[in-house]
Amino acid sequence: MSFDWIKLLGFIVTPLIASVVGFTYMGLSRKITARVQNRVGPSVSQSFIDVVKLYSKKTAIHHGLMQHMGPVFAITASITTLFFIPVLKDSLFFANFSFRGDLVFLMYIMVFGQLGMALGAGQTGNPNSAIGVSRGLSQMVGYKVPYVLGLLAIMVHFKTTNLQELIAVQDGFRNWMIFQMPLASIAGLLAYLGFMAYAPFDVPFAPAELASGPPSEFGGKYLALMMTSRSIFTFAKLVLFVDLFFGGASNFFELLIKTFVLYLFALFVGLVNPRFRTEQSIQFWWKWPTAIGALALLLVAWKG
Amino acid sequence: MDQLLNIPAILAIAFAGSILVFITHSVFPKLRTAIILIFTILPAYLVWQLPADSGLVHFTLGGFDLSWGTNAYSRLFSLLIAGIGVLATIYSISFMKKRSRLGFFYLAFLTTISAMYGIVFSQDLLSLFFFWEIMTWASFLLVIYYSFEDQKAGIRYFVFSAIGAYSLLTAIVYLYSFTGDLSLAATFKVIPELDTTQITFITILFLLGFGVKSALMPVHVWAPDAYRSAPSPFTALFSGVLSKMGVFGMGLVLFKFMGGLEQGHIIREILAWLGGITALLATFYAIFQTDAKKLLAYSSIAQLGYITIGLAVGTPMSVMAAIFLALMHGIFKSMLFMGIGSVFLQTGSLDLNELTGLIRRMPLSFVTVLMGIITVAGVPPLGGFVGKWLLYESLITSEHYFLVAVTFISSTAAFLYLYRLIFSIFLGQEEKEFDHIKEVPWPMWVPMLILASLTMLTGLMPGLFFEPIAEAMKFLGFQQVNWEMSVLFNTWGNQIDLLAMSTSIFSVFLLGLAFITWKNYKTTRYVTTKDIHTSGEIPTENENLTYAVDFYRPFERAAAPVFKYKVTHFYESFAENAEHLFDLLRHVYTGNAQTYALYVVIFLVLLIVFSGWIFGIQI
């Protein structure tokens, strides 16, 4: 019975850690961006300050029930995604539901929040939000293609769809997925850039043209909830890709290093690239990444 | 014996009902509603009471031995017909209130339902074909119900149905030449004795016949226009149930007729890929539709593609996925067509570019459409996810790697049209012209919400559906079908625990909702959709801030190279060329007697010259 309590504690602690790490990374990214652009930049704790301020603000207006529920949909999806991802290797405390779900489920639950957000943003009536959603969904069809091909290759090769089992086969540095199945991993990591939506793939938010798009009508506590959701989701995505391609992590120190390096990858690609147009972004994924993913799947299928 | 008499009784009551409605409509219009309800609910109740295996009722008609009966497989489909049939009928009563020619409408409507009962209860090929044709005729009358302009859609539907019917008839007659007995039981026995070519030929003919009704590419072209033209209550039935008759037939053909075609046979693979291509292309066409019903029609075609894949692959898991998806499609597509029909009834429009911001005017229709699109998208925790999960896992474990990629991509692209559907109609700017719109009356929203709650139930406890499906699959020849109430698992031993998932989703959702509602309840007030962030500019009353036209323009540009070709164009050019060919033939018949005399002479000369060839006679 006492074990169950510990598990319950895990369900509470995991999202908290996720949001703290997520906010820290967001703060760091602003600092790094500023240094690259030869500015001083805000302090690393700026994200925490922002979100605490937003939580304590009174929200004055809303546009109806769907907008009211939009951020809730988003945070539900973020936290549920996190529960089904093994945060640490061999740790029952952070395993949460990860033995009871699989990758196909994760692919779907990750869209749940975006759909909820899109619906919420839709009700506000802001044309920028609608344009942002239209771009975001279009872009999703772009990066999902190499993502699916890469992941399928991995699932088929190891004959499992469970993330825990996929971590288990990557024991030791030389068995990381990126070395075992380089092609599938490259396709997956290129798709990862789309998941993170940094430049050149930040078309849905495009601060300069769309005034940050879908979230533009959300203020106060709505925005606070959405920021929390975003930080948790960023962490969940990073852990997912570390679990998939870099062998997971057996302690927090390892996890932080791996996720941060992965985060920097998306950030640095963004810092040196201008934004794509939406169709360029889609076509980018439909060309080389898809070809690489298809080749990976073909090799696996051919080997039987 | 009691139970046995029920089937003729059900069919008699159902068919009598349709005629009775037609008569009473002109004599006692006030009794019409009562009669419609009695004659749809009574047969549905009797169907519900039928046992899974009732034995056969035999009788002779024109020298042919006909037999009717039920088994677990037909019972599953008869319950789908009964359920959706009753709900669509209740919905139709309010929907059709102000329209004319109601006697005609209900004659065709109830006849379609009755004929579908007939199809699933038929235990011989002749009555199957007979009811199949009645269904086609009745549904054709409904497709052209609204106006003369729908003739084109109607004729297209009819031509394709006729092609399907002829290939069915050919297959049946061909089979009869071997068996001399039309009953399904005898047919199942004889088929394994035929050689492969014969089985292949029969199978292709049957699949063509059934494939037309389930809108499989390349014989899908009738579907978008026919679904578009039919009145909404019937479209719900058309797409939800009538298309499942094709699925029903395909299931019979693939698992009962084709004893000789094992898994991985070329016909199965081709059929599965046809399903995959259908799903992918129909999804992409759906994205660019601006008419709500046409969009849903293409979506319907795509969903039927998934079902076909599952049936064609033919592992226990994929068949379970296919039948589950078929039931789910029956539920969510009728739900969506009903929701869109409500919007059409209240606003008179189906144009996605014109409608906007109805969420606060028609909240219940919004909830229905919302649940519907979440189910179609296959997002957890609703029922659509269960079907999608089973389908993907069954394809992965049965080594259809590229097919699963195609399926997955088309299902991701489905988000695009689904979001557009709900956004353009219910969300976005609220316009003055829609201020007077009210929610539809209760006979319309009650059926919609019943279906919506079913999608939730099946998402949490799909076992409720798995049980009858497993029974039906036993009839199809799958002895060992594993299922559990709330856990899905594949043959590799991976699983998804739906209870864990729903616990997580619902608890976090309720906590979040409680938090935001409790904190914001008193402080926030509602503002209109004109009161938004517009970079300092204040939008005037009449400023148009709706973003709906060309909603996916960037995607269209990106995907343009893929969409150069359309199958409809192929058929149209085929028809055109055929017309030219017949035009040439017209020149042969000049109307001049001397030309004809010349033809006769030429014919005789040719006959003499080639007589050795033709008759084997040497001159």
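Q: A crossing counts as left-handed if the near helix is turned anticlockwise from the far one by less than a right angle; which hand do H4(B) and H10(B) show?
A: Left-handed: that's how H4(B) and H10(B) cross in this predicted model.

Q: What makes H4(B) roughly parallel to H10(B)?
A: H4(B) and H10(B), residues 232-257, pack at an angle of about 20°, with their axes 11 Å apart. Angles under 35 degrees count as roughly parallel, so H4(B) and H10(B) get that label.

Q: Which residues meet where H4(B) packs on H10(B)?
A: From H4(B) come Phe109(B), Thr112(B), Met116(B), Ile119(B) and Val120(B), and they meet Phe234(B), Leu237(B), Val241(B), Leu242(B), Met245(B) and Phe248(B) of H10(B). Sorted by class, this contact has 10 nonpolar residues, one polar and no charged.

Q: How do you know that H6(B) and H8(B) are roughly antiparallel?
A: The axes of H6(B), residues 151-179, and H8(B), residues 196-213, cross at roughly 150° and come within 8 Å. The cut-off for roughly antiparallel is over 145 degrees, so the pair qualifies. As for the hand, H6(B) passes H8(B) in a left-handed crossing.

Q: What does the contact of H6(B) with H8(B) look like by class?
A: There are 12 nonpolar residues, five polar and one charged. On the H6(B) side you'll find, among them, Phe160(B), Gly164(B), Leu168(B) and Tyr174(B). H8(B) brings residues including Leu205(B), Phe206(B), Gly209(B) and Lys213(B).

Q: Why is H13(B) said to reach close to its expected length?
A: H13(B) runs over residues 316-347, which is 32 residues, and spans 46 Å from first C-alpha to last. At 1.5 Å a residue, 46 Å is also what's expected.

Q: What makes H13(B) mostly covered, and what follows it?
A: Of its 32 residues, 27 are buried. After H13(B) comes Gly348(B), with a positive phi near 75°.

Q: Why is Arg101(B) called exposed?
A: Arg101(B) has 11 other C-beta atoms within 10 Å.

Q: Why is Lys159(A) called partly exposed?
A: Lys159(A) has 13 other C-beta atoms within 10 Å.

Q: What makes the backbone at Lys159(A) worth a look?
A: Its phi is positive, about 50°, and Lys159(A) is not a glycine. Most residues other than glycine have a negative phi. You'll find Lys159(A) in the loop between H5(A) and H6(A).

Q: Which kind of peptide bond, cis or trans, joins Pro380(B) to Pro381(B)?
A: Cis, with omega near 5°. Pro381(B) is in the loop between H14(B) and H15(B).

Q: How many residues does each chain give to the contact between chains A and B?
A: Chain A gives 67 and chain B gives 62. On the chain A side, H5(A) gives the most, with 17 residues. By class, that side has 37 nonpolar, 21 polar and nine charged residues.

Note on methods: Residues are numbered from 1 along each chain as its sequence is written. Chains are lettered from A and ligands numbered from 1 in the order in which they are written. This is a predicted model: local features need pLDDT of at least 70, side-chain atom pairs count only at pLDDT 80 or more; totals for chains, interfaces and linings use all residues. Helices (H or I, at least four residues) and strands (E, at least two) are DSSP runs, numbered from the N terminus. The expected span of a helix is 1.5 Å times one less than its number of residues. A residue is buried if 20 or more other C-beta atoms lie within 10 Å of its own, exposed if 12 or fewer, and partly exposed in between; C-beta atoms are placed from the backbone. Axes are lines fitted to C-alpha atoms, for helices over the stretch in contact, and angles run from 0 to 180 degrees between N-to-C directions. Angles under 35 degrees count as roughly parallel, over 145 as roughly antiparallel, 65 to 115 as roughly perpendicular and the rest as oblique. A crossing is left-handed if the near helix is turned anticlockwise from the far one by less than a right angle, and right-handed if clockwise. Two residues are in contact if their C-beta atoms, placed from the backbone, lie within 7 Å. Ala, Val, Leu, Ile, Met, Phe, Trp, Tyr, Cys and Pro count as nonpolar, Asp, Glu, Lys and Arg as charged, and the others, Gly among them, as polar.
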